[in-house]
Amino acid sequence: MTRSVADHAHAVAALFPDDLTAETVAVTAALGRVLAADVTSPLDLPVFRNSQMDGYAVRAADLVTVPTELPVASVTAAGDAPATLPPGHAIKIMTGAPLPDGADTVVPVEDTKADGSTVRIEHGRSPGEFVRDPGADVHRGELLLPADVTIAARHVAVLAAVGIGDVSVRRKLRVAMLTTGAELVPAGEPLGPGQIYNSNGIALAAAAEANGAEVTSVAHSTDDVATFTTRLDAALAQADVVFTSGGVSMGDFEVVRETLIPRGGWFHHVAMQPGGPQGLTVVDGVPVLSFPGNPVSTLVSFEVFARPVLRRLAGLPTLESQPARLASDLRSPPGKRQFHRGLRTENGVELVSGPGSHLIAAMARADVLIDVPSQVTELPIGADVQVWEL
């Protein structure tokens, strides 16, 4: 039984909810999270009339004739209560300080000359100059940030400025990674005969986090069924979805396939290259997406089947395919939708490597996947193609 890429993507998406419940987090922990609901301002910003400059608060009517000298009644700093401006006087004022009652303008300090208890004002000013009015930035009840905004530092700034301490954000999908294979060893350990470093767990975790998910665990199992079952149960207990890597083909040591088929798993081929062998199981209500073990196959499988779901649930923008033009000839096997690794250049998209699913260094040089339909077997240089950003 072979599925098309579109059919398998639909089967994967159908296992996930339309949305995740929201959660409340402190604004100090909200960076990078996606707002679950509109946020309105609980107050006017500025909160009160205040000075835009260091200078002197005055009545503009007292500056009809300039230069003029006015007695300085007092000094008002930021954080002080509003003073009252006596007629025919000035009050020395600092940036951000509340405008005195009776004042309607601020003369910047560079336009003045202080002389003891008086100030000489060199230039006239109109009412409202260098004065910040309440609500000039945002009014109470006005939309501050819309839902589905990914919170950046500037958003944190405005939330804090209006006194909001926590916000409702989309809950992150909890994802666990479980790689398999007796030949795999962690980075930093010496390689024995027939061994390779385990890159898939780390790579899947990075891909999941980059697309809005929370990684709950990254574990590894040998090809022993009992060990795999124990590790899988631990992953299921703390995740909304589990990604496995390896053990899905037709060989003698396919531990994922052997364990999950009796638990209702679907294990067949998808008409694609790389990434043909795929598995899909629901265990105790938790989807388990099983990818092939070759590093490129694992990452391409994630890009094609998992990334769209993760981004949708995280509230992140959909990454649509984009048109491009080939910078070299391309061949593709019949009956399989092929995802070539490509690199954008000024001449178009160049092939980075051959189709081998082990060429992980070549994939690191790529910035797009070239999507070649299953019915296409050959494309000349200059042909129009669709590409997926990596």
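User: What hand is the crossing of α1 and α6?

Analyst: The crossing of α1 and α6 is right-handed. Keep in mind that this is a predicted model.

User: At what angle do the axes of α1 and α6 cross, and within what distance do they come?

Analyst: They cross at roughly 40° and come within 9 Å. Helix α1 covers residues 5–13, and helix α6 covers residues 295–314. The two helices are therefore oblique to each other.

User: Which residues meet there?

Analyst: From α1, Val-5, His-8, Ala-9, Val-12 and Ala-13. They meet Val-304, Phe-305, Val-309 and Arg-312 of α6. By class, that contact has seven nonpolar residues, one polar and one charged.

User: Now just α6. How many of its residues are buried?

Analyst: 18 of the 20 are buried, so α6 is largely enclosed by the rest of the structure.

User: Where does the kink in α6 lie?

Analyst: The kink is at Ala-306, shortly before the proline Pro-308. The bend there is about 50°.

User: And what comes just after α6?

Analyst: Gly-315 does, with a positive phi of about 80°.

User: New topic. Where does Thr-318 lie?

Analyst: Thr-318 sits in the loop between α6 and β23, the strand at 322–325.

User: Is Thr-318 buried or exposed?

Analyst: Thr-318 counts as exposed, because its relative accessibility is 60% and the cut-off for exposed is over 50%.

User: How far apart are Thr-318 and Asn-211?

Analyst: In sequence, 107 residues separate Thr-318 and Asn-211. In space, they are 10 Å apart, C-alpha to C-alpha.

Notes: Residues numbered from 1 in each chain as written. Predicted model: local features only at pLDDT ≥ 70, side-chain atom pairs only at ≥ 80, totals over all residues. Heavy atoms only, no water. Axes fitted to C-alpha atoms, helices over the stretch in contact; angles between N-to-C directions. Helix = DSSP H or I, 4+ residues; strand = E, 2+ residues; numbered from the N terminus. Parallel < 35°, antiparallel > 145°, perpendicular 65-115°, else oblique. Left-handed = near helix turned anticlockwise from the far one by under 90°. Contact = heavy atoms within 4.5 Å. Nonpolar A, V, L, I, M, F, W, Y, C, P; charged D, E, K, R; others polar. Buried < 20%, exposed > 50% of the residue type's maximum accessible area, 1.4 Å probe, protein only. Bend = angle between axes of the 7 residues up to and from the residue.
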